[in-house]
Protein chains: 2
Amino acid sequence: MKTKTKSDETRARILEAAIGLFQRRGFAAATMREIAADAGMATGAAYYYFDSKDAIVLAFYEHSAKEMVPLLEEALAGKKTLEERVRAMLEVKLHYFEPNRALLGALAGHTDPRNPLSPFSAETRDIRERDMQFFARALADSNVKPPADLADLLPAMLWMYQMGLILFWIYDRSEGQHLTRSLVDQSAGVVTGLIKLSSLPLMRPVRKRVVKLVQTIRQAA
Amino acid sequence: MKTKTKSDETRARILEAAIGLFQRRGFAAATMREIAADAGMATGAAYYYFDSKDAIVLAFYEHSAKEMVPLLEEALAGKKTLEERVRAMLEVKLHYFEPNRALLGALAGHTDPRNPLSPFSAETRDIRERDMQFFARALADSNVKPPADLADLLPAMLWMYQMGLILFWIYDRSEGQHLTRSLVDQSAGVVTGLIKLSSLPLMRPVRKRVVKLVQTIRQAA
DNA sequence: ATACGTTTTTGAACATGTTCATATTTCTCT
DNA sequence: AGAGAAATATGAACATGTTCAAAAACGTAT
């Protein structure tokens with residue numbers, strides 16, 4: 001089905017040149033003129049394939065999401081407990097994005113949902129929802145069975161947890177980003193622990209309120 | 001002590017012109033040329049007073065923080081319970097920033113701590129710490145007495161909670177931002193409720209882990 | 001008042017993301 | 001093959017944040 005047309009190839013060449021420059025010089029310092037030149041064409045041509053410089057990053061993000069699917073499948077395959085499963089997913093992502101850690105800053109920088117590059121934008125909806133699906137699966141065959149009201153929201157909540165972690169990671173200046181590693185280790189336990197606790201009868205009132213709160217937040221989307 | 005020099009006055013005039021244009025046209029659409037012209041000077045002059053367009057927003061933010069101090073004092077004055085106190089602080093901020101809600105997006109957009117405009121930058125440290133102090137005071141004379149280990153971290157945690165809420169508010173497209181209002185109502189109760197719960201013996205293990213986690217996060221700052 | 005240094009102002013120049021009219025190439029149909 | 005249409009490529013032009021050398025205004029000591 002995938003007809004690799006000449007156009008696709010050119011597009012890929014621009015993407016490749018851009019990513020290379022982003023890695024070597026950083027997103028801001030890499031100019032569109034340089035990217036186009038590296039890809040062997042005039043400046044304007046790059047705009048025939050990408051609406052903007054930002055759009056190139058978006059394409060990279062989309063490409064990454066696709067490439068990670070089998071890696072995530074594999075990561076979930078062996079693991080049984082929710083903690084292991086969530087941790088495995090996080091490890092896949094951090095490892096995959098390692099070479100482009102800084103570049104993700106160009107994505108994370110846009111908090112405005114109207115900006116196409118925002119993790120909350122309409123343009124990234126597909127990626128976002130597919131990603132949440134993975135968290136749903138991480139929950140589905142795990143060792144924990146959260147109350148129904150919470151269960152519906154957990155994929156989205158875990159996704160948010162992941163985004164926060166990645167954001168922290170992007171700007172983590174500790175040696176080898178060991179702070180993020182430590183954070184993953186600890187938070188995965190805490191998060192899954194809280195989910196387990198949420199089933200306790202004593203927790204019911206708080207849980208109800210948290211559920212309502214998250215539902216309010218989701219109305220904005 | 002405050003010698004209102006000619007220079008200060010010019011600076012204020014630029015700030016005023018800028019805020020006006022930001023309100024009427026939005027941050028992005030307001031050009032530096034226009035701002036300078038509005039303030040009655042050549043383009044370059046504005047750069048003598050402000051390092052960048054962003055820096056103008058930062059100045060506005062600093063000015064706001066100062067102006068809000070007495071309002072926050074007053075808000076805390078009457079209230080007794082933690083929930084009331086936190087809610088009152090949030091109401092002051094949302095009300096104060098109402099006319100410039102959209103402009104705050106120019107601030108919130110910068111997640112990179114190295115960016116001066118980031119809420120986590122060195123340049124905004126003073127504002128941030130003063131703000132946390134207010135949350136410390138909101139706790140101090142309230143009806144709850146959280147365990148010592150948690151108490152140290154709570155001002156910072158409440159500040160983060162506030163920032164999340166404001167971020168949500170900035171992009172809240174619901175009529176009159178009623179979703180944010182609902183969120184304030186609910187979350188203030190949940191947050192303070194969780195703080196109360198944290199004293200329960202049953203909660204001790206989770207609390208210890210959360211405390212450790214937050215300490216890890218704070219190391220990055 | 002004059003000279004001299006400091007502060008402030010000017011406006012042109014620069015860098016870069018983006019647009020666009022125009023040219024070139026490629027495709028399609030006869 | 002050739003004509004016309006569609007896709008792709010070009011590079012100059014534009015807008016805007018920012019810089020900068022030079023000019024003007026201001027302050028101060030003599």
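**Two protein chains and a DNA strand**

Around DNA strand C lie 17 residues, the closest being A:G44, A:S52, B:S7, B:M41 and B:G44. A residue is near a strand here if its C-beta atom, placed from the backbone, lies within 6 Å of it. This is a predicted model, in which local features need pLDDT of at least 70 and side-chain atom pairs count only at pLDDT 80 or more, while totals for chains, interfaces and linings use all residues. Residues are numbered from 1 along each chain as its sequence is written, and chains are lettered from A and ligands numbered from 1 in the order in which they are written.

Both chains take part in the surface near DNA strand C: α2 (32-38) and α3 (43-49) of chain A, and α1 (6-25) and α3 (43-49) of chain B, each supply at least two residues. Helices are DSSP runs (H or I, at least four residues), numbered from the N terminus. The most, four residues, comes from α3(B). By class, this surface has six nonpolar, eight polar and three charged residues. Ala, Val, Leu, Ile, Met, Phe, Trp, Tyr, Cys and Pro count as nonpolar, Asp, Glu, Lys and Arg as charged, and the others, Gly among them, as polar.

One of these helices, α1(B), can be checked for length. Its 20 residues should span 28 Å at 1.5 Å a residue, and its end C-alpha atoms are 28 Å apart, which agrees. The expected span is 1.5 Å times one less than the number of residues. Buried residues in α1(B) are B:I14, B:A17, B:A18, B:I19, B:L21 and B:F22; buried means that 20 or more other C-beta atoms, placed from the backbone, lie within 10 Å of the residue's own. They pack against α2 (32-38), α3 and α4 (53-78) of chain B. After α1(B) comes B:G26, with a positive phi near 95°.

How do the two chains relate?

Between the chains, 30 residues of chain A are in contact with 30 residues of chain B, contact meaning C-beta atoms, placed from the backbone, within 7 Å. On the side of chain A that touches chain B, α6 (104-108), α9 (178-197) and α10 (204-219) of chain A each give two or more residues. The largest share, ten residues, comes from α9(A).

Conventions
Contact = placed C-beta atoms within 7 Å. Buried ≥ 20, exposed ≤ 12 C-beta atoms within 10 Å, placed from the backbone.
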